[in-house]
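I opened my notebook to look around this structure for the first time. Here is what I looked up, entry by entry.

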Amino acid sequence: MAIYDDKANVAAKLEHYHGKLNNYLPEDSLKEIGLDGYTILESDSFSIPRGEYNLLGQSSDKSYAEPYIKAITVKDKAGNIYVHFYGTGDGNWRYNAVAYSDRPESSRMQDWALKYFDSTIKRHYGSEGGGGLYVSGHSQGGNMAQFVTLESTYGDIIEGCISLD
């Protein structure tokens, strides 16, 4: 399991600093957080329109932030690719009820995560890498990481899924 200690460390660094680094990260920010030699391949976010945010009969009160999710894909010097999904943002806790409910269908957040992952890997794996493929996330991001590991057409080449609590 020692190999995953290093991979979990990368995931933890990306998650811990996501608020500081925001959605579009300058390359030197990776060095600043201890990921010297890593390259950003992609970063993206997804917002759910407030009108579609009425969950389980709750009103979309303006005191809550608009739900959004973020993801980043980085590559290390060895060609390993890491896709990381960030945890639930401020005011977005009510949206977790959809992802963790017993409904048979996926949530919009999970669908977005799968689309982001598949399109990112299609563009970068092989041409950018040659190393392993790792997916990770914290909290709601961990749910998305697990979902894409199970549902992606690239699931058979994922070497590890790391879900941070």
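**Rings and strands**

I began with the aromatic rings: ring pairs link Tyr38, Tyr82 and Tyr134 into a cluster. Rings of Phe, Tyr and Trp (its six-membered ring) pair if their centres lie within 6.5 Å; planes under 30 degrees apart count as stacked, over 60 as edge-to-face and the rest as tilted.

I noted that this is a predicted model, where local features need pLDDT of at least 70, side-chain atom pairs count only at pLDDT 80 or more, and totals for chains, interfaces and linings use all residues. Residues are numbered from 1 along each chain as its sequence is written, and side-chain values use heavy atoms, with hydrogens and water left out.

By the ring rule I found 5 aromatic pairs. Phe85 and Tyr116 have ring centres 6.1 Å apart and planes at 75°, so I wrote this pair down as edge-to-face. It links distant parts of the chain, with Phe85 in strand β3 and Tyr116 in helix α5, 31 residues apart. (Helices are DSSP runs of H or I, at least four residues, and strands are runs of E, at least two, numbered from the N terminus.) Trp112 and Tyr116 form a stacked pair, at 5.4 Å centre to centre and 20° between the planes.

Next I turned to strand β4 (residues 133-138), where 5 of the 6 residues are buried. I saw β4 pair in the parallel sense with strand β3 (residues 81-85) over 5 bridges; strands pair if DSSP finds at least two bridges between them. Strand β5 (residues 158-164) also runs parallel to β4, joined by 6 bridges. Val135 in β4 stands opposite Val83, and its bridge partner in β5 is Cys161.

**The core**

Which residues have the most contacts inside the largest nonpolar core? I listed Val83, Phe85, Trp112, Phe117, Val135 and Val148, in a core of 20 residues. Such a core is a set of buried Ala, Val, Leu, Ile, Met, Phe, Trp, Tyr and Cys residues joined through side-chain atoms within 4.5 Å. Helix α5 gives the most to this core, with 7 residues.

Key: Buried means under 20% relative accessible area, exposed over 50%, partly exposed in between (1.4 Å probe, protein chains only).
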